[in-house]
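Work through the exercises below with the sequence and the structure side by side. Try each task before you read its solution.

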Amino acid sequence: MMLMSVIALILCQRTEAFIGVNSIPIAITHETRKHHHRASLLSMALGDFTVELRKPLGIILQERDGGFLGGVQVKELVEGGAAAMHTAIVPGDVLLQVNDDDVSALDFDSVMDLLISLDESSTAVLTLGDGLGQLDMPKNVLKLLKSTDDAFFVDGVVRQAVREIRKRNGKLGDLLKVEVVIGAGVQEEGRRGQVRFFAIFSTDGVTSYSCNVSATGLRVEEGKIEIVSLSAAKDEGLGQTYEFI
């Protein structure tokens, strides 16, 4: 019971731990985003990462949730562009910061004005997040994990699975959010993680439906997580299962 409480507390807070997202290690600090213009270090949450790109960036942006949430997210990447060649960015990622400017709550036009004003000859440092926020891991899932490291690993497997689905963005439509993690396990001395979670998808931006997603991830070199199996079963309709990996 004590271990479950500690794991839940750590996953809810921003700690001084480190976690890799798509091979990019990031620091998770106690700082919060309070100012539009700040010093270069942004408080990094689970799922946040940074990339350095030169213009043209090759990113097509759109308002988040029709403009109700504020901020912008990646709609698609331009084939052959800087962002697509970098491979870290996927559709659905939320733009949080451009160099030292916090854009997480700015409207679309303000973000575009800032991006257009960037020096063509300089490199832009972009901070993005997966937009998933804190994942919901019930107590019955947490009690299956032996340590806080296992909890962070499971969190990372879920997030990397979401990224793999968003890269493919096919018949299931856009993966909007992770509803709840319903199963998790870590084997092979912490090297292999298996997860099951419900995710919400939409094919038209208006209606949505739930899928039961199963994924297996492996820890590989430099803190990366490689997804080696990934499938999603629709809870409605004919119950079709889609194999991604």
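**Exercise 1.** Find the residue with a positive phi in the hairpin of strand 11 and strand 12.

*Solution.* This is a predicted model. Start between the two strands: the hairpin has 5 residues there. Glutamate 222 takes a positive phi near 60 degrees. Now look at the strands themselves. Strand 11 covers residues 209-219 and strand 12 covers residues 225-234. They pair in the antiparallel sense, over 9 bridges. For one of the pairs, take alanine 215: its bridge partner in strand 12 is leucine 230.

**Exercise 2.** Give the order of the strands in the open sheet, and name its edge strands.

*Solution.* The order is 9-10-11-12-13, with antiparallel pairing. Strand 9 (174-187) and strand 13 each pair on one side only, which makes them the edge strands. Neighbouring strands are turned by 20 degrees against each other on average, direction ignored. Next, check the edge at strand 13 (residues 241-243). Strand 12 joins it through 3 bridges. Alanine 232 stands opposite tyrosine 242, and alanine 233 stands opposite threonine 241.

**Exercise 3.** Decide whether arginine 196 counts as buried, partly exposed or exposed.

*Solution.* First locate the residue: arginine 196 lies in strand 10 (residues 192-202). Its relative accessibility is 39%. Buried means under 20%, and exposed means over 50%. Arginine 196 therefore counts as partly exposed. Then list its contacts, leaving aside neighbours within four places in sequence. They are Val181, Ile182, Gly183, Asn212, Val213 and Ser214. Last, take a distance: the C-alpha atoms of arginine 196 and valine 158 are separated by 8.2 Å. These two residues are 38 residues apart along the chain.

Technical notes:
Residues numbered from 1 in each chain as written. Predicted model: local features only at pLDDT ≥ 70, side-chain atom pairs only at ≥ 80, totals over all residues. Heavy atoms only, no water. Pairing = 2+ DSSP bridges. Helix = DSSP H or I, 4+ residues; strand = E, 2+ residues; numbered from the N terminus. Buried < 20%, exposed > 50% of the residue type's maximum accessible area, 1.4 Å probe, protein only. Contact = heavy atoms within 4.5 Å. Axes fitted to C-alpha atoms, helices over the stretch in contact; angles between N-to-C directions.
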